Amino acid sequence: MSVTDTPATGPAPWSVSRDLPPYRGILAVDAKDFTGRPAAEHASLTTVIPQLLGQAFARSGLEQLWLERKFANNTGDGFAMGFDPVALPRVIHPFLHELQEVLTDYNIHATATGRVRLRASLHVGPLPDSGAPGDGNGTPRNDTHRLLDSRPVRAILAASSESITQVAAILSQRVFEDAVLSGYTRRHPDQFIEVPATVAGKNFQQLAWLYVPAPSGNLYDRRILGERPEAEEPAPATAPVPERRDRPAPAAHRGTTTINSQGNRGFLNNGSVEGGQHVSFGADPRDDARGAGR
């Protein structure tokens, strides 16, 4: 292949200054427990998820946004699309609320696919959108899917009632600052939970915000997200009390103490020693000696 046959890929990064791609809002959703569903349901779910999204956009007064969706992609167990970021505040509310309502109605009568519960992520950033192949690809798109797969949003949907909570959403810090903190959406900042978003096995960690349109159970219990209340934090280690030299050590302490903690399976020995003590959770080297004497 000659040099002239090489496909044009554009200038390398940092080689020339150029225009930023347009800013786009990005919405991605995934069905909970998709891979655990019977294979016979997969094709139906792949079809019904975009239909439910379209209904929620229409009920939110955002039908045009749905019709003009950018670089839409059916991911099999979900759906991703770009949109004009001017609509971000209304995608947070009322769209997420209407999506919860649409899924509630659907799940009452669902038979062919079973219940459909969705995780949703929202982000914003510069992405190619010229109608050419490769549109919608870039760091903001990758981060949107990382947020969607992150532990906090998975945990909070799993811990909620499947009869009440059909949607759990996670917003990027940028979306939260631009659309929520700024007061452009009808949801108060106190309705969001700040979380560190991480993904198992991925080098990804970002500050993000959880939002559940219809909370249920103990969703605001931070232990769901892996945090421990202050009262449950382990007590700080206390300094050992020095032994008084003018008092002889009790005879019991002079006994033999053998603690073989090899493979102790989490046992904790922190009591006082009274007399000789032998605690063995693993192989005891004295067993060999006893065996040899038999």
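**View 1. The residues that line the largest pocket.** Asp30, Ala31, Lys32, Asp33, Phe34, Thr35, Asp77, Arg119, Arg154, Leu157 and Ala158 form the lining of the largest pocket in this predicted model. On a 1 Å grid over the protein atoms alone, a pocket is an open set of points where a 1.4 Å probe fits, with protein on both sides within 12 Å along at least five of seven lines, and lining residues have an atom within 4 Å of a point. The space inside is about 160 Å³, a volume filled by probe spheres set on the points, which are joined across faces, edges and corners. By class, you will find six charged, four nonpolar and one polar residue here. Both β1 (23–31) and α5 (151–158) give at least two residues to this lining, and α5 has the largest share, with three. Helices (H or I, at least four residues) and strands (E, at least two) are DSSP runs, numbered from the N terminus.

**View 2. Helix α5 and its cover.** Let us stay with α5, where Pro152, Val153, Ala155, Ile156 and Leu157 are buried, that is, under 20% relative accessible area with a 1.4 Å probe, protein chains only. Their cover includes strands β4 (118–126), β5 (167–172), β6 (193–198) and β7 (205–211), along with helix α4 (139–149).

**View 3. The largest nonpolar core around Leu27.** This core has 41 residues, and Leu27, Phe95, Leu122 and Leu171 touch the most other members. Helix α3 supplies the largest share of this core, eight residues. A separate core of 14 residues includes Ala168, Ile170, Ile193 and Val199. Such a core is a set of buried Ala, Val, Leu, Ile, Met, Phe, Trp, Tyr and Cys residues joined through side-chain atoms within 4.5 Å. Leaving out residues up to four places away in sequence, Leu27 touches Phe57, Phe79, Ala80, Met81, Phe83, Phe95, Ala120, Ser121 and Leu122; contact means heavy atoms within 4.5 Å.

**View 4. His93 in helix α3.** His93 sits in α3 (residues 88–109). His93 counts as buried because its relative accessibility is 12%. Beyond residues up to four places away in sequence, His93 touches Thr185, Arg186, Arg187 and Tyr211.

**Notes for all views.** Residues are numbered from 1 along each chain as its sequence is written, and side-chain values use heavy atoms, without hydrogens and water. As the model is predicted, local features need pLDDT of at least 70 and side-chain atom pairs count only at pLDDT 80 or more, while totals for chains, interfaces and linings use all residues.

Definitions and conventions: Buried < 20%, exposed > 50% of the residue type's maximum accessible area, 1.4 Å probe, protein only. Nonpolar A, V, L, I, M, F, W, Y, C, P; charged D, E, K, R; others polar.
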